[in-house]
Amino acid sequence: CTVYNLLTPTGAAHGGVASALTYTTMGAAVSPMLPAGVKCSTVEMQVRYLRPVGRTVMTAEAKVLKPGRRIFHVECHVTDSEGRIVASGTGTFAVID
């Protein structure tokens, strides 16, 4: 989907856009670290909105801070098309085997 369809009445991108991007990117960072056939599930997630975002491309990068046997801790930064961090998030993912 495009952000143009997900703007608030004030013209800012809805916070759910950055949240969904954070959630998806963190999960994608964990998945390749799991053995074949093993999945993960989100235990908790927090997103902090640092600046309003209008009509721009948002990009997310996630890093696994601590991979564990049962729990993974992950962080993510979302940037706008000018490279400014517009949101950051952390998440905890449980290993489901």
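Visitor: How many helices and strands are in the protein chain?
Guide: Keeping in mind that this is a predicted model, the protein chain has 1 helix and 4 strands. Read along the sequence, the pattern is α-β-β-β-β.

Visitor: And what box do the C-alpha atoms fill?
Guide: Roughly 45 × 20 × 20 Å, taken along the principal axes.

Visitor: What share of the residues counts as buried?
Guide: That's 35% of the 97 residues in the protein chain.

Visitor: What about contacts between residues 24 or more positions apart, what percentage do they account for?
Guide: They make up 61% of the contacts in the protein chain with a separation of 6 or more.

Visitor: Which residues of α1 are buried?
Guide: V17, A18, S19, T22, T25, M26, G27, A29 and V30.

Visitor: And what do those buried residues pack against?
Guide: Against β1 (39-49), β2 (59-67), β3 (71-79) and β4 (85-96).

Visitor: Which residues have the most contacts inside the largest nonpolar core?
Guide: V30, M58, V64, F72, V74, V78 and F93, in a core of 20 residues. At least two core residues come from each of α1, β2, β3 and β4. The largest share, 5 residues, is supplied by α1. As a general point, nonpolar side chains in soluble globular proteins tend to be buried together.

Visitor: Let's pick F72. Where is it found?
Guide: F72 is in strand β3.

Visitor: Is F72 buried or exposed?
Guide: Buried: its relative accessible area is 4%, and under 20% counts as buried.

Visitor: What does F72 touch?
Guide: Setting aside residues up to four places away in sequence, F72 touches V30, M33, L34, V64, K66, P67, G91, T92, F93 and V95. Take V95 from that list: F72 and V95 are 23 residues apart along the chain, yet their C-alpha atoms are separated by 7.7 Å.

Visitor: Switching to charges. How many salt bridges does the count come to?
Guide: The count comes to 3 salt bridges. One of them pairs D97 with R70, the closest N and O atoms being 3.3 Å apart.

Visitor: Where do D97 and R70 lie?
Guide: D97 lies in the segment after β4 and R70 in the loop between β2 and β3, so the pair ties together parts that are 27 residues apart in sequence. D97 is exposed, with a relative accessible area of 71%, while R70 is partly exposed at 45%.

Visitor: And which residues are linked in a network of salt bridges?
Guide: D80, E82 and R84. R84 forms a salt bridge with D80, with the closest N and O atoms 2.8 Å apart. The side chains of R84 and E82 also meet in a salt bridge, at 3.9 Å from N to O.

Terms used
Residues numbered from 1 in each chain as written. Predicted model: local features only at pLDDT ≥ 70, side-chain atom pairs only at ≥ 80, totals over all residues. Heavy atoms only, no water. Buried < 20%, exposed > 50% of the residue type's maximum accessible area, 1.4 Å probe, protein only. Contact = heavy atoms within 4.5 Å. Core = buried A, V, L, I, M, F, W, Y, C linked by side-chain atoms within 4.5 Å. Salt bridge = Lys/Arg side-chain N within 4 Å of Asp/Glu carboxyl O.
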